[in-house]
Amino acid sequence: MSSGQYRTLRRLTTYGFVTLGALASIFPLYYMVVGSLQLRADSAFSGLIPKAGNLGLQNYRDVNKAISLLPSLGNSAIFTLGTVVLTIVVGLPAGYALARLRFPGKPAVAGGLILVLVLPFQVMMIPLYILAVRDYGLADNYLGMILPFAVNPAAVLIFRQFFISLPDELFDAAHIDGAGEVRTLLLVAAPLTKPAILTASVITFIGPWNEFLWPFLITKKHSMQPLAVSLGEYVSTNAATAANPYGVILAGACVLAVPVIALFLVAQRYFTSAALGSGVKE
């Protein structure tokens with residue numbers, strides 16, 4: 001076998017594995033969409049191929065009738081957008097401080113962020129619940145849902161790495177002109193952080209949008225529950241009584257997944273560029 005044939009074979013093998021991986025990743029999404037549109041559940045393998053006579057939006061109507069999708073989506077939006085905004089407001093200056101300032105204990109702070117990042121949220125959930133409900137009275141309150149997620153270590157590290165990748169001459173020129181650290185951050189560094197902000201926003205958005213356990217604990221009023229909680233309660237209580245319970249559940253899952261997919265598609269270019277450039281220092 002010649003070297004050219006070997007390279008072609010290796011390229012085809014690589015493309016084959018990549019294609020199989022992509023199909024395996026997309027298959028659950030495809031199954032969810034097809035199942036949500038089926039009027040009658042079809043668990044056979046042939047059911048993976050949509051049939052025109054068995055497709056419709058009845059499952060979406062049923063789930064909307066059961067849990068009122070629009071108010072639940074509104075609660076999810078308030079919870080998620082509030083978390084994203086606070087994450088940016090806190091993470092941007094924190095990342096700048098870790099990247100550009102010198103202060104005692106700086107390595108320990110960075111190490112602590114990584115420790116919090118790998119620590120499961122469930123470990124801190126009970127103390128947070130006692131603190132939020134008993135000490136601050138934040139049960140059935142949007143602020144009680146948002147605050148535990150307001151400081152995202154991943155977002156802080158993204159901003160830190162982005163500021164490290166910026167050339168030192170940029171900050172030196174601002175300091176020579178008499179700008180302090182706050183002014184340098186607001187007028188020089190912050191305007192350049194659009195890719196990092198979008199990356200941090202996408203990463204932060206996914207967590208609270210899909211979060212079930214914390215909103216379930218902190219909210220007892222159905223009018224306050226995000227879509228993930230409303231859908232989870234419906235699955236455990238009333239889904240079995242529906243004409244097509246699996247279709248209704250998959251319809252709710254599709255509604256829950258659409259905003260995340262849309263956001264990722266819109267921000268994909270910035271997300272990829274920031275991820276590739278985060279480790280590069282000029």
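User: Why is Asp 135 called partly exposed?

Analyst: Asp 135 has a relative accessible area of 45%. Buried means under 20% relative accessible area, exposed means over 50%, and partly exposed lies in between (1.4 Å probe, protein chains only). The value of 45% falls in between, so Asp 135 is partly exposed. This is a predicted model, in which local features need pLDDT of at least 70 and side-chain atom pairs count only at pLDDT 80 or more, while totals for chains, interfaces and linings use all residues. Residues are numbered from 1 along each chain as its sequence is written, and side-chain values use heavy atoms, with hydrogens and water left out.

User: What makes Asp 135 and Arg 134 a salt bridge?

Analyst: Their closest N and O atoms are 3.3 Å apart. A salt bridge needs a side-chain nitrogen of Lys or Arg within 4 Å of a carboxyl oxygen of Asp or Glu. The pair is an Arg and an Asp, and 3.3 Å is within 4 Å, so it counts. Arg 134 itself is exposed, because its relative accessible area is 65%.

User: How many salt bridges does the structure hold?

Analyst: It holds two. Arg 100 and Asp 168 also meet in one, at 2.5 Å from N to O. This pair links distant parts of the chain, 68 residues apart: Arg 100 is in helix H3 (residues 69-100) and Asp 168 is in helix H8 (residues 168-176). Helices here are DSSP runs (H or I, at least four residues), numbered from the N terminus. Asp 168 has 35% relative accessibility, so it counts as partly exposed.

User: Why is Ser 76 called buried?

Analyst: Its relative accessibility is 1%, so it counts as buried. Ser 76 lies in helix H3. Leaving out residues up to four places away in sequence, Ser 76 touches Trp 209, Pro 226, Leu 227 and Ala 228. Touching, or contact, means heavy atoms within 4.5 Å.

User: What makes a set of residues the largest nonpolar core, and how many residues does it have?

Analyst: A nonpolar core is a set of buried Ala, Val, Leu, Ile, Met, Phe, Trp, Tyr and Cys residues joined through side-chain atoms within 4.5 Å. The largest such set has 32 residues. Val 63, Ile 67, Phe 159 and Phe 163 have the most contacts inside it. Helices H2 (58-67), H3, H7 (153-165), H9 (181-189), H10, H12 (227-237) and H13 (245-277) each supply at least two residues of this core. H3 gives the largest share, six residues. Another core, of ten residues, lies apart from it; Phe 79, Met 145, Ile 218 and Met 224 are among its members.

User: How do you know whether Ala 200 is buried or exposed?

Analyst: Its relative accessibility is 0%, so Ala 200 counts as buried. It is found in helix H10. Beyond four places in sequence, Ala 200 touches Ile 88, Ala 155, Ile 158 and Phe 159. Ala 200 and Ile 88 are 112 residues apart along the chain, yet their C-alpha atoms are separated by 7.6 Å.

User: Why is Gly 144 called buried?

Analyst: Gly 144 has a relative accessible area of 1%, so it is buried. It lies in helix H6 (residues 142-146). Leaving aside neighbours within four places in sequence, Gly 144 is in contact with Leu 138, Trp 214 and Ile 218.

User: What makes Ser 68 and Asp 140 stand out in phi?

Analyst: Most residues other than glycine have a negative phi. Ser 68 is not a glycine, but its phi is positive, about 55°. Asp 140 is not a glycine either, and its phi is positive at about 50°. Ser 68 lies in the loop between H2 and H3, and Asp 140 in the loop between H5 and H6. At 35% relative accessibility, Ser 68 counts as partly exposed. Asp 140 is partly exposed too, with a relative accessible area of 24%.

User: Which residues lie nearest the centre of the largest pocket?

Analyst: Phe 121, Pro 148, Phe 149, Asn 152 and Pro 153 do, out of 19 lining residues. By class, the lining has 13 nonpolar, five polar and one charged residues.

Key: On a 1 Å grid over the protein atoms alone, a cavity is a set of points where a 1.4 Å probe fits but cannot get out, and a pocket is an open set with protein on both sides within 12 Å along at least five of seven lines; lining residues have an atom within 4 Å of a point. Ala, Val, Leu, Ile, Met, Phe, Trp, Tyr, Cys and Pro count as nonpolar, Asp, Glu, Lys and Arg as charged, and the others, Gly among them, as polar.
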